[in-house]
Amino acid sequence: MRPPIDYVWEDVAIQLKNTFGYSDAEIDAYNSEVENDKETLMKIYKALQLARGFENACNQQYMQGKIRGFMHLDNGQESIPALVDYAIKNGDKKYSYYREHTHAIASGVDPGEVMAELFMKETGSCKGAGGSMHIFDKPTYFQGGWALVSEQLPYAAGAAKSILLDRKLGISDNADFEKQDVPPPEDDDRISVVFVGEGGAQNGRMAELLNSAAKDNLPLLAIVIDNGRAINTYTGDVAKNGKVFQQGMHYGVPGLQVDGYDAADVAKGGKAVIDYVRSGKGPAVLQVHTYRFNGHSPADPEHERGRKDEKQWARAEQDPIKKFEDKYTANGMFTEDELKDAKKEILASVKAAVKFADESPMPPVELAKQLEYPDAPDTDYNTKPAPAFADAVNARTISPEQMETITAHIAALREKAKAGDISIGDAINLAIHEEMLRDPTTTIHAEDLQAGSSYDIPKLTQQTYGQIRAADEIIDEGHFIGKALGEAMNGYRPIVELMNTNFGIFGMAEISSAGNTFATTGGQFDMPMTIVGAGGTAPNQALGAEHSQPFHAYVMGIPGLKICTAASPDAAYGITKSMIRDNGPCFLFAPVKMMKESKGTLELDKCAPLNKAALLHEASADSVASGNAVTVLTYLHGVKEAQLVTDEIMEEGFDIDLIELRSLKPLDMDTIRKSLERTHKICILDESTQSGGVGATVSARISEELFDLLDAPVKRLCMDDAPVPYASTMEVAVVKRGSDLVQGVFDLCTGQY
């Protein structure tokens, strides 16, 4: 059984003095502010009782079947929400994990709305779209509720970065939580708070968080809830170092350990650490040693090693509410009747929350589809207005010398565009600079950013906008995609440049959550994040399996994403501009082997649609009339391959409608239908695998929706399921190319299928 730490206030005071540099007088003041203030102590007691009472009510309602799915209760850990209620402010950004009911309520979220969310009701904090593990509330800046262990850590770093961005740019949130040209107040001391279990803190994201927070001096507090369990396993069985508060030592991030058994000591020590972060001294870690009285969730068994005995002992010997009552009735601060009256008041509010939830209506079925995207797929991004404060912010954050340099750079790129000599990489770079100047809330994250990455996509961004808006990142895509997510939740428009889109595999959790956030939060939080990079698999590209994966196919199944491809500079330019203006998460894939070789003109200052395919070549009327025309769908390198063999196909007496799938999701079925009405035959030159590939999805849609237009089966020319080899002699067996398309068209037109 896990032993208690039995800390007294003096143990906390020594740490505050030695680690945080507090004087004896300052430490005494933190002690006195709680111990000698009856009103403060009552506030702490009510927070303890509200947390316990609410979770007990949740357990009862779960057993009655009114709360469904997974639910995780906080009984025994009430000193943490009591600290939040005491020392965390409304404007602070709060990021929790799946055991967050009490954190939300302590942050000011209405208990009735939290309970209604658990009841899957429309009056819930997220309209019933989130549930127990996804509580969000925009007015209190309570930003989750995240179900994947430790995923919230980089999000909180991004939120902390947004505070620094506000201060640097001189902007702030208005009453509608939109950015305005009003600087934060002089005494702005907002911080970002992230909750994580000590088991979750063993995740590599914790080290990345500490590094990032220290490097940027982020106003961030990590509260480590140390209940000794990684789910149900003893944390010590899987982790060598349980002293998470010391993990920041190598980064210059101080930490404090307190005993969750004494809620007053947690409040005093926690407030001192919070004030340290508020003062601008940098991030900190607070580890609260506590016990969880329940299993991981009500659905979990309690037969795990020693867990049942430990819970029984902890309820009797480590209950923070019992400790508080015994301590403050014994010293005469409260009478038993005073505490009973306070408990009665709190339990009445819990009962009211349950009643509110029970009587609330269910959300309408139509809401699910309404929450798919913040911006409709057919949005015209050309009509979106730029922020009125753009010129003012640019004037105070970009020096005349920087502005002269970037203006000349943009002018040079525009001249190349007019001359038809601009590459895909440069076209994206041009779009990014135009949008970063148009909207100063636009930021960018990339590795090797200062050097322009591999294809000059982020070239001159940091040199122009500074590190605050253009951040060089550690080599972990999950970390900086996560930071971008946190910025996006707080009024910014981050761009994430992936040197190679396959590196995004490291960020699948974060990309998935970006796609889900608008819906999960009931439409409260937009997610204006653009991910862009070079990827795909060109024939004979000799990059081997890891750099040749069809990541575009991997992310197709993530809800809420708009996914586009661009095989030309013009498409890349227009799509990039639209994605940056979109209020949801977007992903642009560009062909890795065409980033510099493909040149062309641009339709300058024009946003492209994010839901349309492009007809690049139209089959002749004669070929259609004779039944020798085929609709060809392709994208990325397949566009070049198809264009290279179009003349050869025509020489053999056939022709094609060549359609570039610039929008993989949503899919432009109208353009496909229009072509099939002419050709009645279709071939997909697909840059993804036979199993689970883009072509599989497109083929299924055609078969389901356009079957009556087909005179032949859908022809799929897709990558084999085998990994892409390095050697060209083997690679031809896996990756399809122009010669395969010639054969495919011939087969369809001659009935050889």
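A residue is called buried when its relative accessible area is under 20%, exposed when that area is over 50%, and partly exposed in between. The structure shown here is a predicted model. Asp448 is found in the loop between strand 13 (442–446) and helix 18 (461–465).

The backbone of this loop deserves attention. Most residues other than glycine have a negative phi, and most peptide bonds are trans. Asp448, however, has a positive phi, near 60°. Leu460 lies in the loop between strand 13 and helix 18 as well, and its phi is also positive, at about 65°, although Leu460 is not a glycine.

Where are peptide bonds in the cis form to be found? One joins Gly144 to Gly145, with omega near 10°; Gly145 has its place in the loop between strand 3 (142–143) and helix 7 (152–169). Another runs from Lys665 to Pro666, with omega near 0°. Pro666 belongs to the loop between strand 23 (663–665) and helix 25 (669–679).

Two further loop residues can be read with the definition given above. Thr290 is located in the loop between strand 11 (284–289) and helix 11 (307–317). Its relative accessibility is 2%, and therefore Thr290 counts as buried. The side chain of Thr290 reaches the backbone oxygen of Gly76 at 3.0 Å. Leaving aside residues up to four places away in sequence, Thr290 touches Arg2, Gly76, Gln77, Ile80, Ile225, Asp226 and Asn227. Asn232, in turn, lies in the loop between strand 8 (229–230) and strand 9 (233–234). Because its relative accessibility is 15%, Asn232 also counts as buried. Its side chain reaches the backbone nitrogen of His296 at 3.4 Å.

The cysteines come next. A disulfide is a covalent bond between the sulfur atoms of two cysteines. How many disulfides does the model contain? The count comes to zero. Cys683 is in no disulfide, and the nearest cysteine sulfur, that of Cys749, is 9.9 Å away. Cys683 is buried, with a relative accessible area of 0%.

The last topic is empty space. Rolling a probe the size of a water molecule over the atoms shows where empty space is left. The largest pocket has a volume of about 700 Å³. It is lined by 31 residues, of which Glu178, Lys179, Gly491, Arg493 and Asn583 are the closest to its centre. Helix 17 (424–438) and helix 22 (569–581) are the elements that give two or more residues to this lining. By class, the lining of the largest pocket has twelve nonpolar, seven polar and twelve charged residues.

A search of the whole structure also finds one cavity of 30 Å³ or more. The largest cavity holds about 70 Å³ of space. Among the residues that line it are Thr537, Pro539, His637, Glu641, Asp686 and Met719. Helix 24 (637–651) and strand 24 (682–689) are the elements that give two or more residues to the lining of the largest cavity. That lining has four nonpolar, four polar and four charged residues.

How values were computed
Residues numbered from 1 in each chain as written. Predicted model: local features only at pLDDT ≥ 70, side-chain atom pairs only at ≥ 80, totals over all residues. Heavy atoms only, no water. 1 Å grid on protein atoms, 1.4 Å probe; cavity = no way out; pocket = protein on both sides within 12 Å on 5 of 7 lines; lining within 4 Å. Points joined across faces, edges and corners; volume = space filled by probe spheres on them. Helix = DSSP H or I, 4+ residues; strand = E, 2+ residues; numbered from the N terminus. Nonpolar A, V, L, I, M, F, W, Y, C, P; charged D, E, K, R; others polar. Buried < 20%, exposed > 50% of the residue type's maximum accessible area, 1.4 Å probe, protein only. Polar contact = N/O pair within 3.5 Å; in protein donor to acceptor, adjacent residues only side chain to side chain. Contact = heavy atoms within 4.5 Å. Disulfide = S-S within 2.5 Å.
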